[in-house]
Amino acid sequence: MAQGDMPPVEISFWNPFGGGEGDYVEQIIRSFNTSQKSVFVKQLRLESNEYYVKLSTALSSGKGPDVAVAHVDRISPFIKAKQILALDALANESGFHFDEIESFNVQSVSFNGKPYAIPLDTHFHVLYYNKEILKQADLLNEDETLKLGKTSPEGFIQMLTQIQAKVPGVQPIAVNTPYFQEPFLNLYYEAGGDLLTPDLSKAAIHNDKALQVLKFYQLLYAKRLADLNDKTPWDSFHNGKAALWFGGVWEAGHHLSEKSLRVGVAPLPPIFGSPVHWGSSHTLVVPSYVTKEKQKAAMAFMTYFSEVGSTLWGQAGHVPANRAVVQSQAYRQMPYRNIFIEAQRQVKFAPKTDKYATIFTTLSEDLQSIILGGLDPEEGLISLEKKINDILAN
């Protein structure tokens with residue numbers, strides 16, 4: 001059989017992308033499969049809420065994907081358990097250059113000096129605003145940027161109160177109460193807070209900064225500047241029922257393409273003093289059980305996703321980790337991408353501990369008890385700190 005007649009190496013690609021993101025990934029896979037004849041990618045899309053349970057099971061049983069998506073804050077336990085490959089040797093063999101990826105992205109996936117994943121992007125939150133509502137509230141400048149006023153908790157509440165007075169019937173701000181850990185971490189990181197001590201051995205969440213952020217959000221709900229019972233705040237904003245929304249960059253395509261919604265985008269305001277905010281990154285990993293032939297095929301696909309597919313991935317709203325793509329004319333001429341690039345520099349990733357997934361679940365549940373369950377913030381933080389310390393000690 002001549003070389004060109006060899007059947008392609010088929011690899012299985014697992015990912016948790018639904019909706020608009022899933023459509024972009026489908027396009028990337030399709031264009032990769034038609035761009036060459038030696039590798040064929042077959043994807044399995046799993047529901048995001050069960051994705052990591054199934055991926056963990058697959059990695060520990062040695063049966064599952066040949067290449068998979070993993071958030072940067074999820075890879076540490078897989079590395080500790082030796083379930084995913086260090087990619088330096090494979091990258092060298094295939095001609096993939098990690099120095100073409102933004103250095104802080106490479107650093108985020110490197111353990112003991114070796115990269116264990118190919119970072120695809122950085123994603124985080126920005127401030128989306130409804131231009132019509134803000135115009136009615138007299139909070140829109142001539143150039144359609146937002147009149148922010150004083151960037152402090154008091155100044156921000158004053159602005160929301162002005163929206164409430166001038167445009168009754170809409171939420172001044174929709175808050176992501178169903179996933180409250182995200183709006184909490186944004187402002188807690190702005191205030192200079194950390195989840196853990198620098199050596200990652202102890203919790204560092206019970207402090208004045210966390211308390212002030214929780215009380216700030218409680219005040220928003222108490223003054224009805226945000227609706228505590230809004231189960232789909234992203235839709236409330238998209239349907240014109242909220243003036244402001246701290247939403248993910250991955251929502252940009254969705255909000256900006258809605259013709260009936262005049263949306264503006266700004267970086268998250270430094271309400272608590274600094275522009276530092278929560279962020280994460282999608283990465284691609286190769287399980288340790290994958291055969292050498294399929295490792296090479298996976299590397300070919302990951303290289304394509306990084307170097308070619310990232311242009312499409314950038315349209316979804318994520319800031320690509322590939323430097324050439326971010327610096328390209330095609331990326332920079334998309335709406336608000338200059339703001340995304342600036343905001344990306346202020347992102348704070350999760351602490352690099354293999355206990356992070358458990359810590360994050362506990363954080364999410366306990367913050368819900370404070371915000372929705374009416375638990376006193378001080379008591380809630382004492383309890384949360386104790387639980388995180390127990391996780392770290394085990």
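Q: Which residues of helix 8 are buried?
A: In this predicted model, helix 8 covers residues 181–190, and ten of its ten residues are buried, so this helix is largely enclosed by the rest of the structure. The buried residues of helix 8 are Gln181, Glu182, Pro183, Phe184, Leu185, Asn186, Leu187, Tyr188, Tyr189 and Glu190.

Q: Against which elements do the buried residues of helix 8 pack?
A: Helix 8 is largely enclosed, because ten of its ten residues are buried. Its buried residues pack against strand 7 (121–130), helix 9, strand 9 (242–248), strand 11, strand 14 and helix 16.

Q: Which residue takes a positive phi just after helix 8?
A: The phi in question is about 90 degrees. The residue that takes this value just after helix 8 is Gly192.

Q: How many helices and strands does the protein chain have, and what is its radius of gyration?
A: The protein chain has 17 helices and 14 strands. For 394 residues the globule rule gives 21 Å, and the value of the chain is close to this, so the chain is as compact as a globular protein of that length. Its radius of gyration is 22 Å.

Q: What share of the 394 residues in the protein chain is buried?
A: Along its principal axes, the C-alpha trace spans about 75 × 50 × 30 Å. The protein chain exposes about 17400 Å², of which carbon and sulfur atoms supply 51%. Buried residues make up 54% of the 394 residues.

Q: What percentage of the contacts with a separation of 6 or more comes from residues 24 or more positions apart?
A: The percentage concerns contacts in the protein chain with a separation of 6 or more. Within that set, residues 24 or more positions apart account for 76%.

Q: How far apart are the mean positions of the positive and negative charges?
A: The protein chain has 36 positive and 42 negative charges.

Q: Are the rings of Phe104 and Phe349 stacked or edge-to-face?
A: The count of aromatic pairs in the model comes to 21. In the pair of Phe104 and Phe349, the ring centres are 5.9 Å apart. Their planes meet at 25 degrees, and planes under 30 degrees apart count as stacked, so the pair is stacked.

Q: Where do Phe104 and Phe349 lie, and how many residues apart are they?
A: Phe104 is in helix 5 (residues 103–108), whereas Phe349 is in the loop between strand 14 (347–348) and helix 16 (356–371). Phe104 is partly exposed at 27% relative accessibility, while Phe349 is buried at 18%. The pair links distant parts of the chain, 245 residues apart.

Q: Which parts of the chain does the pair of Phe216 and Phe272 tie together?
A: Phe216 and Phe272 form an edge-to-face pair, with 5.6 Å from centre to centre and 90 degrees between the planes. Both Phe216 and Phe272 are buried. The pair ties together parts that are 56 residues apart in sequence, because Phe216 lies in helix 9 (residues 208–222) and Phe272 in the loop between strand 10 (263–266) and strand 11 (277–280).

Q: Which residues do ring pairs link into a cluster?
A: The cluster is held in view here as a set of rings linked by ring pairs. Its residues are Phe13, Phe17, Phe32, Phe301, Tyr304, Phe305 and Trp313.

Q: Is Ile84 buried or exposed, and which residues does it touch?
A: Ile84 is placed in the loop between helix 3 (75–80) and helix 4 (88–94). Its relative accessibility is 4%, so Ile84 counts as buried. Not counting residues up to four places away in sequence, Ile84 touches Leu59, Ile75, Phe78, Ile79, Tyr116, Val285, Val286, Pro287 and Ser288.

Q: Is Arg224 buried or exposed?
A: Arg224 lies in the loop between helix 9 and helix 10 (233–238). Although not a glycine, Arg224 has a positive phi of about 60 degrees. Its relative accessibility is 68%, so Arg224 counts as exposed.

Q: Where does Asp138 lie, and what is its phi near?
A: Asp138 lies in the loop between helix 6 (131–136) and helix 7 (153–166). At 44% relative accessibility, Asp138 counts as partly exposed. Most residues other than glycine have a negative phi. Phi of Asp138 is positive, near 60 degrees.

Key:
Residues are numbered from 1 along each chain as its sequence is written. This is a predicted model: local features need pLDDT of at least 70, side-chain atom pairs count only at pLDDT 80 or more; totals for chains, interfaces and linings use all residues. Side-chain values use heavy atoms; hydrogens and water are left out. Helices (H or I, at least four residues) and strands (E, at least two) are DSSP runs, numbered from the N terminus. The radius of gyration is taken over C-alpha atoms; the globule rule is 2.2 Å times the number of residues to the power 0.38. Buried means under 20% relative accessible area, exposed over 50%, partly exposed in between (1.4 Å probe, protein chains only). Contact means heavy atoms within 4.5 Å. Accessible areas come from the Shrake-Rupley method with a 1.4 Å probe; for residues, only the protein chains shown count as cover. Lys and Arg count as positive and Asp and Glu as negative; His and the chain ends are not counted. The place of a charge is taken as NZ of Lys, CZ of Arg, CG of Asp or CD of Glu. Rings of Phe, Tyr and Trp (its six-membered ring) pair if their centres lie within 6.5 Å; planes under 30 degrees apart count as stacked, over 60 as edge-to-face and the rest as tilted.
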